[in-house]
Amino acid sequence: MITGDRLGFRYPEAPQLVLSEVSFAVAAGDFVIVAGPSGAGKSTLLRSLNGLVPHFTGGTISGRVIVDGLEPVVVGPQRMCRHVGFVFQDPESQFVMDRVEDEIAFALENAALAPGEMRVRVAEVLDLLDLTALRERSLSTLSGGEKQRVSIAAALALRPRVLVLDEPTSQLDPESAEDVLAAVARLNAERGLTIVLAEHRLERVLAFANRMIYVPGGGHPAMVGTPRDVVGAIDLAPPVSKLGKALGWSPLPITTEEGRAFIRERAFQSAVAAARIGTAPVPYLTAQSLDVAYAPRGNGGTRVVSDVSLSLAKGEVTVLVGRNGAGKSTLLKSLVGLVKPQRGQIRLGGRDITAAPVAEICRDVAYLPQDPNALLFADTVMEELQITLRNHGIAPSEAPVPAAALLAELGLADKAGAYPRDLSVGERQRVALAAMMVTRPGVVLLDEPTRGLDYEAKGRLAGLIRQWRDAGLAILLVTHDVELAATVADRVLMMAGGKIEAQGDPHDVLTSATGFAPQIAQLFPGSGWLTVAEALQGLCGDGPARTGLGRAGG
Amino acid sequence: MHPVAWFIWIGAAALVPLVTRDPLYLVIDFAITCVVVDAIRTQPFTEAAPVFAAPLRFAAFAVLVGALFNGLISHVGETILLRLPDAIPLIGGPLTAESLVYGAINGLILATLFSAFAVLTLAVPVRDLIAYLPRAFYPIAVVSAIAATFVPSSVRQFQQVREAQAIRGHRMRGLRDWLPLFMPVLIGGLERALQLAEAMTARGFAGGNGQPESQGPAVRRGSGTVAQIVLVLGLGSVLVGGVLRLLPGGARWFGLDLSLPLLVLGTAATLWVVWRAGSHVHHTRYRRSTWTGVESACAVLSVVAVLPILILTLRGEAGYNPYPRLALPGFDPLLGLPLLGLLAPIWGLQARRNGTHSAEGADGIGVTTGEGRRL
């Protein structure tokens, strides 16, 4: 169905090749995962399948790609859309129309199909993706998962034989991601549609795939094979595979189901987590019975956060989990004063800051919003830091922490003069963090910082969080990424419907709700382990599984 | 209801204030448009925001301002109410009842037109209006559709940026403080525009020149330049014709008034170019509205309602002029009563709503897509 023969590509005015000598073959009905670090060329590879590369981007391409008997480079994206459906990362930015049906019909209108035929096709894809009930809805009223399913339906309206998806779940919460991936898997299984899917979180998708292409970037050769072979050969693997590698399980498990087969044979010792050592944490930022409501049109408004009390202690990482719309972001915004609560009190180090201006609170409370791009506008990284200082009326020489030292701490030492928007997703996020941390705050609030991050960037972020925790900062992390939560959390809060439903020990809270349990906790229920390191320690019996100090990364 | 039926109704309702200045017919027409506006707004599934929500308030404003303005400026008429000092430039002089009434009628005409077009914006969503653009303007249609989704997302983005800057201690003190808000929104907007362009390309949008695969490239060179020349000539003659008509007495060559032929020919040439350009555009439309007996009835009623008044004014018999001395306007029931036919859409809306439910069972796909809004 698809063959790539020594494919190479260089963007216009780029010094080096993004892809070089990548060869692969995909049969009809295959489910292919394309993995690799950010900037390694995954998106470029996907876009070469429908001719967007090089027709839309420019640049020079070498080698050959043949899809469904056609060469996208020759035919161009406008005609390839009948053979390859393409779904992008962010559902919002790919919509042309404002209603479900019209959006799906857009490609059909462009292809000049007869109106009668159009109705048949629209009805067909609506049915295929379970969207019939939503056909007349306005797109802005749909959930993230529903939006992404509409994008898939729109891409399939022309009945292509290949569906290409570029990180379709990176903007979605776990539940919506599951929804979208299940739809894709069904299209593959029931319709024999060939799927090519780029994804960072392998643990979500490995179960469905039968082929995998790993693009390492930096001029290293790509790896092509079955998911088991490729995962066995690379470092970026889901926790269950890491554990399997460390314990020499063969064949290597790539899903929790496969992992369980090994565990049933072993009588493993249940080791309940050891008690945390150290003194009782001293609350630093506390909120008491907060009520927050938005009143968009002055008619009462809806209460988003109701009766929430929480306290963040210095030297402790608190993780806040919950589904989209549970009120997590609003709670964070109310803590920094962006949204004023209707009721309740917020205290920072003993001082009442409920009514304090945002600028004053933010000197001591750093808040990283979901989209760090909203923060960055200066010409250089260093300037971003200075702007924050200037906003607070602090002279650069009197900065609580030298800018250069902060950049070095964040791994940005050589990027001080770079244009922030040219950096990778992970680097941009750390620049935004630097711009917040330059006042040396005592509290850090992070709102879903793992969106779009690859394993390496995520690892760095986890390292930073632990480093700050050890330096005595109070940290609140909002995340959908349960594996990250498992590696850094000292305490977990779970929010639902604007209330804190559960809080306490990470293991107890994360395993109490479906969809939030990390892979290791699923493998060893009742053991108290959350990460690969804990499982290894527990299984091999060297020392207590968990201590309050420096929990190792997963 | 079908957009074309609405176009016909609006044409009829807007014709009344254009042909007659008799306030009695105007008031009837205005009241009818208000009732229709109200009927649409109480419909379920109306998406259009009530932007022109208050035709009555606008009418009061227009009548008052019209009367005052004309009364103060124009000093013609025999019924003098009071005399402003002549020393005041422009408004100094007699204030007459005639000029007040004349101005109030101006306001009423404006309010009636306004209210008729309020019906258009309420009853026919922009999407459906766009569908009646000639095919050559398909890219414009798409751009408008995008703007409808792009603008709200830009507003959301601005809100995000504002918050992101606030948490860096940003305060609005002067003009320079707008930069941190403006730059991320601008850059982010451009990035999103590029992403959207890419998504559209991946779904076969080619700026209005998409062709069915079987036909291959269908660009005929040469025909483009002919069309351009015709377009320039056409628009040129419309312009010249228009200017000639404005000249006192009209410009005549050899005793012939050229303005009208120029206007007609120029318009025809321009339309031909648009139609021709459209025939190159290969795309089809998904959304179709259906035309039923209800639409036919509404259209016929609308036309019949205004026919008498049109015929009589063309014969110069239904006019009203307060000058030189105020008199009661004439009212002929044979002209006024038929105007009630303009209430047809109220019955039409009701009939279509009931009809849709029964028709949906019979032919789900065709009917629901056609009448998504059940107007």
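Tutor: Contact means heavy atoms within 4.5 Å. By that rule, the contact takes 64 residues from chain A and 56 residues from chain B. This is a predicted model, where local features need pLDDT of at least 70 and side-chain atom pairs count only at pLDDT 80 or more, while totals for chains, interfaces and linings use all residues. Side-chain values use heavy atoms, leaving out hydrogens and water, residues are numbered from 1 along each chain as its sequence is written, and chains are lettered from A and ligands numbered from 1 in the order written.

Student: What makes Glu191(B) and Arg421(A) a salt bridge?

Tutor: A salt bridge needs a side-chain nitrogen of Lys or Arg within 4 Å of a carboxyl oxygen of Asp or Glu. Here N to O is 3.5 Å, so the pair qualifies. Across the interface of chain A and chain B, the rule finds five salt bridges.

Student: How do you know how much area chain A and chain B bury?

Tutor: Buried area is the accessible area (1.4 Å probe) that two parts lose on being put together, summed over both. For chain A and chain B that's about 5,400 Å², with 54% on carbon and sulfur atoms. In chain A, Arg119(A), Phe377(A) and Asn391(A) lose the most area to chain B.

Student: Why are strand 16 and strand 17 of chain A said to pair?

Tutor: Strands (E, at least two residues) are DSSP runs, numbered from the N terminus. Two of them pair if DSSP finds at least two bridges between them. Five bridges join strand 16 to strand 17 of chain A, so they pair.

Conventions:
Helix = DSSP H or I, 4+ residues; strand = E, 2+ residues; numbered from the N terminus.
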